[in-house]
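These are my notebook entries on a structure that is new to me.

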Amino acid sequence: MELDIEKIRQDFLRELDKAASAADFEQLKVAYLGKKGRVTELFKDLKNVEAQAKKAAGQQINTLKEKVESLIAEGAEKSRQAEERRLVEEAEAYDFTRPAAYEQGSLHPITVVQREVEAVFASMGFTIEDYVEITDEYHCFEALNIPKHHPARDMQDTYFLDNGQVLKTHTSAAQNAIMRKYGAPLRAVFPGRCFRNEATDACHENTFFQMEGIMIDTDISISNLIYFMKTMLSEVFHQEVEVRLRPGFFPFVEPGFELDIKCLICGGDGCPTCKQSGWLELCPCGMIHTKVLEYGGIDPEKYTGFAFGLGLTRLAMMKYGIKDIRVLNSGNLKAMSQFTVR
């Protein structure tokens with residue numbers, strides 16, 4: 001028994017010298033003081049010791065146990081203090097102005113396109129405005145000449161909230177607020193996220209981005225609209241872009257048009273993105289309806305203006321050759337890394 005006690009003491013001291021971390025000391029504690037630890041096993045072996053030697057052996061084991069407990073606790077505390085000092089030193093020495101070592105994030109393609117379009121219109125004297133994503137039926141519909149129960153409301157599958165408000169279905173919902181804010185003459189664009197409860201496919205999403213633009217002044221005509229749109233598109237795509245106007249009905253403009261661009265994915269040959277038509281609807285537009293001007297506090301006898309709702313999501317698809325609109329909202333970093341701009 002004495003030889004066993006001494007051997008265990010020597011083994012423990014050797015292992016104690018090698019211990020450096022909290023985990024090391026915890027491992028030592030389990031190895032020597034745990035349920036099946038070496039010191040614990042000595043107590044179990046006392047039953048095999050002769051009666052006259054049992055008391056002395058028990059005292060020796062207790063002394064060893066107390067020594068082991070004391071040295072483990074002392075070593076663990078020193079280790080904790082050393083780790084604490086190391087962390088403090090690292091914190092004090094850390095340079096918070098140092099660039100991150102990890103790979104930095106990038107801008108989303110829609111954000112890139114939005115900033116480019118904003119810069120183009122800002123250079124042409126347009127102010128950049130913002131608007132809420134949750135609005136009321138008046139601004140989303142009635143102020144745009146779409147009264148209650150008007151069939152045109154069926155064109156926009158609207159998300160209605162429990163409090164009676166709606167998720168903005170188009171950036172046109174900001175027109176009235178912008179007109180009331182600035183009056184006329186006025187040049188403004190206001191980008192934003194829109195929501196419609198519709199089925200998704202390669203060119204339709206329930207969440208998408210638009211940029212509304214309005215220009216109100218004396219003697220404004222459709223030719224002004226075409227000029228500004230072609231200028232913007234040529235700047236964004238760095239080339240001349242073929243466009244076409246076709247009649248389109250929108251209650252807040254009269255006359256109304258659909259401004260399409262030749263599909264840059266297929267070059268006009270037809271693909272799922274453009275529904276095999278060779279053209280992609282990009283910008284509903286037209287001359288602002290007189291009632292909309294009146295609702296905005298602007299005299300339609302003195303001023304005319306145009307409005308457009310540019311599809312930023314589709315513009316990004318054309319710019320980067322993205323064939324499926326659903327990729328843009330997918331959060332798929334592997335897919336989006338193809339279009340990263342840092």
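Which residue lies over the face of Tyr320? I found that Lys319 does, at 5.9 Å from the ring centre. I note at the outset that the model is predicted.

Entry on the cores. I looked up the largest nonpolar core and found 45 residues in it. Those with the most contacts inside this core are Val117, Phe121, Met232, Phe308, Leu310 and Leu315. Among the elements that give two or more residues to this core are helix 5 (109-123), helix 8 (222-237), strand 9 (304-311) and helix 10 (312-320). Helix 8 supplies the largest share, eight residues. I then examined Met232, leaving aside residues up to four places away in sequence, and found that Met232 touches Val117, Val120, Phe121, Leu310 and Leu315. A second, separate core has 25 residues, including Phe190, Phe250, Val292 and Ala307.

Entry on the aromatic rings. My search of the whole structure returned eight aromatic pairs. In one of them, Tyr227 and Phe228, the ring centres are 5.4 Å apart; the planes stand at 70°, so I recorded the pair as edge-to-face. Tyr227 counts as exposed because its relative accessibility is 52%, over the 50% cut-off. Phe228, at 8%, is buried because this value is under 20%.

Phe228 also forms a tilted pair with Phe306, with 6.0 Å from centre to centre and 40° between the planes. Phe228 belongs to helix 8 and Phe306 to strand 9, so this pair ties together parts that are 78 residues apart in sequence. Phe306 is buried, as is Phe228. Finally, I recorded one aromatic cluster formed by Phe121, Phe126, Tyr227, Phe228, Phe306 and Phe308.

Note on methods: Residues numbered from 1 in each chain as written. Predicted model: local features only at pLDDT ≥ 70, side-chain atom pairs only at ≥ 80, totals over all residues. Heavy atoms only, no water. Core = buried A, V, L, I, M, F, W, Y, C linked by side-chain atoms within 4.5 Å. Buried < 20%, exposed > 50% of the residue type's maximum accessible area, 1.4 Å probe, protein only. Helix = DSSP H or I, 4+ residues; strand = E, 2+ residues; numbered from the N terminus. Contact = heavy atoms within 4.5 Å. Phe/Tyr/Trp six-rings, centres within 6.5 Å; stacked < 30°, edge-to-face > 60°. Lys NZ or Arg CZ within 6 Å of the ring centre and 35° of its normal.
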